[in-house]
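Visitor: I am new to this structure and would like to learn how to read it. Please take me through the features one at a time.

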Amino acid sequence: MYAVIDLKWHQWIVKEGDEISVDRVDGKEWTTFEVSDVLAAFDEWAKDVKIGKPYIKATVKFKVKEHFQWDKMHVRNFKNKTRHNRNTKWKGFRAQKTVLSVESVNL
């Protein structure tokens with residue numbers, strides 16, 4: 001069974017056994033939590049489809065696998081026609097992410 005969930009202002013299509021990388025979620029590693037903001041649910045061949053207004057009565061159980069940070073981004077400034085080229089060093093921010101594992105989808 002697939003579910004479309006609303007998690008951290010993003011929508012994800014998940015099924016049991018999937019791993020997704022989302023913005024950092026509060027909680028220690030190897031703990032579980034449930035999300036009840038399920039927008040839609042459907043089976044593999046889309047024969048049994050349930051769409052909410054905006055949510056349906058379902059929950060998705062997640063396990064927090066790990067927390068990590070992305071690498072910094074390389075920023076390069078260039079202005080056309082003036083040949084202005086400024087290569088800056090590593091600059092920007094490192095996004096904090098969490099890897100979640102889908103334990104179960106309950107309708």
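Guide: The model is predicted. Start with the largest nonpolar core, which has 18 residues; among these, A3, I5, V14, V38, V60, F62 and L100 touch the most other members.

Visitor: Which elements give two or more residues to this core?

Guide: They are β1 (2-7), β3 (19-23), β5, β7 (59-69) and β10 (96-106).

Visitor: What does A3 touch, not counting residues up to four places away in sequence?

Guide: The contacts of A3, with that exclusion, are W12, I13, V14, V38, A40, A41, V60 and V105. V14, V38 and V60 are also among the core residues that touch the most other members.

Visitor: How should I read a sheet? What is the order of strands in the sheet that holds β1?

Guide: Read the strands across the sheet, from neighbour to neighbour. Here the order is β2-β1-β5-β6, an open sheet of four strands with antiparallel pairing. β2 (10-15) and β6 (49-56) are the edge strands, and each pairs on one side only. Ignoring direction, neighbouring strands of this sheet are turned by 15 degrees against each other on average.

Visitor: How many bridges pair β5 with β6?

Guide: Four bridges, in the antiparallel sense; β5 covers residues 38-42. Within this pair, F42 stands opposite V49 in β6.

Visitor: Where do the side chains of a strand point?

Guide: In a regular strand they alternate between the two faces of the sheet.

Visitor: What is the strand order in the sheet that contains β10?

Guide: That open sheet also has its own list of four strands, β3-β10-β7-β4, and the pairing is antiparallel. Because β3 and β4 (32-35) stand at the edges with a single partner strand each, one side of each has no neighbour in the sheet. From one strand to the next, the twist averages 40 degrees.

Visitor: How many bridges join β7 to β10?

Guide: The count is 10, and the two strands run antiparallel. V60 has V105 in β10 as its bridge partner. Both V60 and V105 are also on the list of residues that A3 touches.

Conventions. Residues numbered from 1 in each chain as written. Predicted model: local features only at pLDDT ≥ 70, side-chain atom pairs only at ≥ 80, totals over all residues. Heavy atoms only, no water. Pairing = 2+ DSSP bridges. Axes fitted to C-alpha atoms, helices over the stretch in contact; angles between N-to-C directions. Core = buried A, V, L, I, M, F, W, Y, C linked by side-chain atoms within 4.5 Å. Buried < 20%, exposed > 50% of the residue type's maximum accessible area, 1.4 Å probe, protein only. Contact = heavy atoms within 4.5 Å.
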